[in-house]
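Biologist: I have a structure on screen and some questions about it. Please show it, then let us go through them.

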Amino acid sequence: MASLVRHLTIDCSDAYRLGQFWAAVLDGSLADDDFPGDPEASVSAPGSNLLFVTVPDAKTVKNRMHVDLQPQDRTRDEEVERVLALGATLVGDHRRADGSGWVTLADPEGNEFCVERSAAERAK
């Protein structure tokens, strides 16, 4: 068997705070042994595991890899509004008049990610 991706690791300035944000976005949870000030925070959610690691370097350029979210029980636009309310910021709106497209957001530390249409929206 080939290797499996255990988790996606994200460098950041505050692992616990960014872990809290992503746990809320993904309806996941932080590990029981993660606390404010810890150098690492692990988020488990259905279909994904993210590891946040505190590093001294600030983010300075666009991500070379990013997460694409696909809402499961709401529309793309509803998900964008929900995630903005959690603390994300709008980076780029690539929605088209025909309903296709995506929205690029940034988490509280500036890491870009996209929100795509739900499976139900794609089936239309």
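Biologist: Which residue in β8 stands opposite Thr-104?

Modeller: This is a predicted model, where local features need pLDDT of at least 70, side-chain atom pairs count only at pLDDT 80 or more, and totals for chains, interfaces and linings use all residues. Residues are numbered from 1 along each chain as its sequence is written, and side-chain values use heavy atoms, with hydrogens and water left out. Strands are DSSP runs of E, at least two residues, and helices are runs of H or I, at least four residues, numbered from the N terminus. The residue opposite Thr-104 is Cys-114.

Biologist: Over how many bridges do β7 and β8 pair?

Modeller: Two strands pair if DSSP finds at least two bridges between them. Here β7 covers residues 103–106 and β8 covers residues 112–115. Their sense is antiparallel, and the count of bridges is 4.

Biologist: Which strands lie at the edges of the sheet?

Modeller: The sheet is open, with 4 strands in mixed pairing and the order β5-β8-β7-β6. An edge strand here pairs on one side only. That applies to β5 (67–69) and β6 (89–93).

Biologist: Is Asp-107 buried or exposed?

Modeller: Asp-107 sits in the loop between β7 and β8. Buried means under 20% relative accessible area, exposed over 50%, and partly exposed in between, with a 1.4 Å probe and protein chains only. At a relative accessible area of 3%, Asp-107 is buried.

Biologist: Which residues does Asp-107 touch, not counting those up to four places away in sequence?

Modeller: Contact means heavy atoms within 4.5 Å. By that rule, the partners of Asp-107 are Leu-18, Phe-21, Trp-22 and Phe-113.

Biologist: Why is the pair of Phe-21 and Trp-22 edge-to-face?

Modeller: Rings of Phe, Tyr and Trp (its six-membered ring) pair if their centres lie within 6.5 Å; planes under 30 degrees apart count as stacked, over 60 as edge-to-face and the rest as tilted. The structure holds 2 aromatic pairs. For Phe-21 and Trp-22, the centres are 5.5 Å apart, and the pair is edge-to-face because the planes stand at 90 degrees.

Biologist: How many residues apart in sequence are the parts tied together by Trp-22 and Phe-113?

Modeller: These two rings have centres 4.8 Å apart and planes at 65 degrees, so they are edge-to-face. Trp-22 lies in helix α1 (residues 15–25) and Phe-113 in strand β8, so the parts tied together are separated in sequence by 91 residues.

Biologist: Which residues form the aromatic cluster?

Modeller: Phe-21 is buried at 5% relative accessible area, and Trp-22 is buried at 3%. Phe-113 is buried too, at 0%. The one cluster is formed by Phe-21, Trp-22 and Phe-113.
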